[in-house]
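Reader: I'd like to learn how to read a protein model feature by feature. Could you walk me through one?

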Amino acid sequence: MEKTTPVIEIDARSGFCHGVVTAIRKAEEELERSSEPLYCLGDIVHNSDEVERLERKGLSTITHDDLRRLSSTRVLLRAHGEPPSTYALARERDIELVDATCPVVLRLQQRIKETYDNSSPRPQIVIYGKAGHAEVNGLVGQTEGEAIVVENVDQLSKIDFDRDIALYSQTTMPLGGFAEMVDEIKKRISDNVSFSYYDTICRQVANRVDHLRDFARRHDVILFVAGAKSSNGKVLYNECRSVNSRSHLVSNPADFRVEWLDGATSIGICGATSTPRWLMEQVRDTATAALGKA
């Protein structure tokens, strides 16, 4: 009997979100426009292969500590956004900012700042998100560090349920988790206390969950491509794995193992919002070559 070659499909909806696409385009445009140094404050995207590709083009990644030592140069702000203190420091150091903050994140920053500056009495501003994440740091900065960050309902003990609450969300958190947070606060909050909540989750990211679940169900094996630093990658990979136990997380082609494909007739390749299309294509090509040798 003739051996059947497995079909390999790359998910057309996986890969960079609009915010990341715009940030990378801005970086490439600035690198082409001038030979002067261009720095990026933090990894431009949570994918080491893409970071290294841009570093080869001349983009240097720096930390906030590095920023304090620079002056009279160009610094790109990635899609995650930054707190007001970063802009103030740039002005002090005569640093030209190339601002690639995602418009969705920027609107969220503005809404939180509006609540913080103009509400009377000022409510407790609660952010459903991951403490220490770059986007969350930028959001907390709109409140001069006063916002309370909670990642799950177990952390709601940080909140005073006898005071007004305004709940926002990091743009890449799961919709189900936000709904659970809202329900739990409603249960615990005292009578006659105001509770306002704003679903600020990016639908381009959130809507990928159901799509990826369907994609994972359609294939025997899933190769999920994401960088080790990508929190979105971990979430989406676990969604794939929840419906397809033969889902495997790979950061690049070097992680691939041909034995994962044993007996498979259909292989799906997908990735996080921080995964470049070219990297998924490299994983596909590696899998195709391995199957050809098998």
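Predicted model: local features only at pLDDT ≥ 70, side-chain atom pairs only at ≥ 80, totals over all residues.

Reader: Let's start with a strand. In β4, which residues sit on one side and which on the other?

Author: Here's the general idea: in a regular strand the side chains alternate between the two faces of the sheet. Now look at β4, residues 74-77: Arg74 and Leu76 are on one side, Val75 and Leu77 on the other. Both faces are covered, as these four residues are all buried.

Reader: And which way does β4 run relative to β2?

Author: β2 (residues 38-41) and β4 run parallel and are joined by three bridges. To find the spot, look for Cys40, whose bridge partner in β4 is Leu76. β4 also pairs with β5 (residues 96-99), again in the parallel sense, over four bridges. There, Leu76 stands opposite Val98. To get from β4 to β5, the chain passes through helix α4 (residues 84-92), and this β-α-β crossover is right-handed.

Reader: Next, the core. Which residues of the largest nonpolar core touch the most other members?

Author: In soluble globular proteins, nonpolar side chains tend to be buried together. In this model the largest nonpolar core has 20 residues, and those touching the most other members are Leu156, Ile165, Leu167, Met181 and Ile185. At least two residues of this core come from each of β6, β7 (148-150), β8 (165-169) and α7. The largest share is that of α7, with four residues.

Reader: What about empty space? How much of it lies in the largest pocket?

Author: Rolling a probe the size of a water molecule over the atoms shows where empty space is left. For the largest pocket, that space comes to about 380 Å³. It is lined by 26 residues, and closest to its centre are Cys17, Val20, His80, Thr172 and Thr273. Helices α1, α5, α8 and α10 each bring at least two residues to the lining of this pocket. By type, the lining has eleven nonpolar residues, 14 polar and one charged.

Reader: How many cavities of 30 Å³ or more are there?

Author: The search of the whole structure turns up two. The largest cavity holds about 60 Å³, and its lining includes Thr172, Pro174, Val205 and Leu236. Two or more residues of that lining come from α8 and from α10, with α10 giving the most, three residues. Seven of the lining residues are nonpolar, two are polar and none is charged.

Reader: And which residues line the second largest cavity?

Author: That one has a volume of about 30 Å³. Around it you'll find Lys130, Gln170, Thr172, Met173, Ser231, Asn232 and Val235. They split into two nonpolar, four polar and one charged.

Definitions and conventions:
Residues numbered from 1 in each chain as written. Heavy atoms only, no water. Buried < 20%, exposed > 50% of the residue type's maximum accessible area, 1.4 Å probe, protein only. Pairing = 2+ DSSP bridges. Right-handed = clockwise from strand over helix to strand, strands pointing away. 1 Å grid on protein atoms, 1.4 Å probe; cavity = no way out; pocket = protein on both sides within 12 Å on 5 of 7 lines; lining within 4 Å. Points joined across faces, edges and corners; volume = space filled by probe spheres on them. Nonpolar A, V, L, I, M, F, W, Y, C, P; charged D, E, K, R; others polar. Core = buried A, V, L, I, M, F, W, Y, C linked by side-chain atoms within 4.5 Å.
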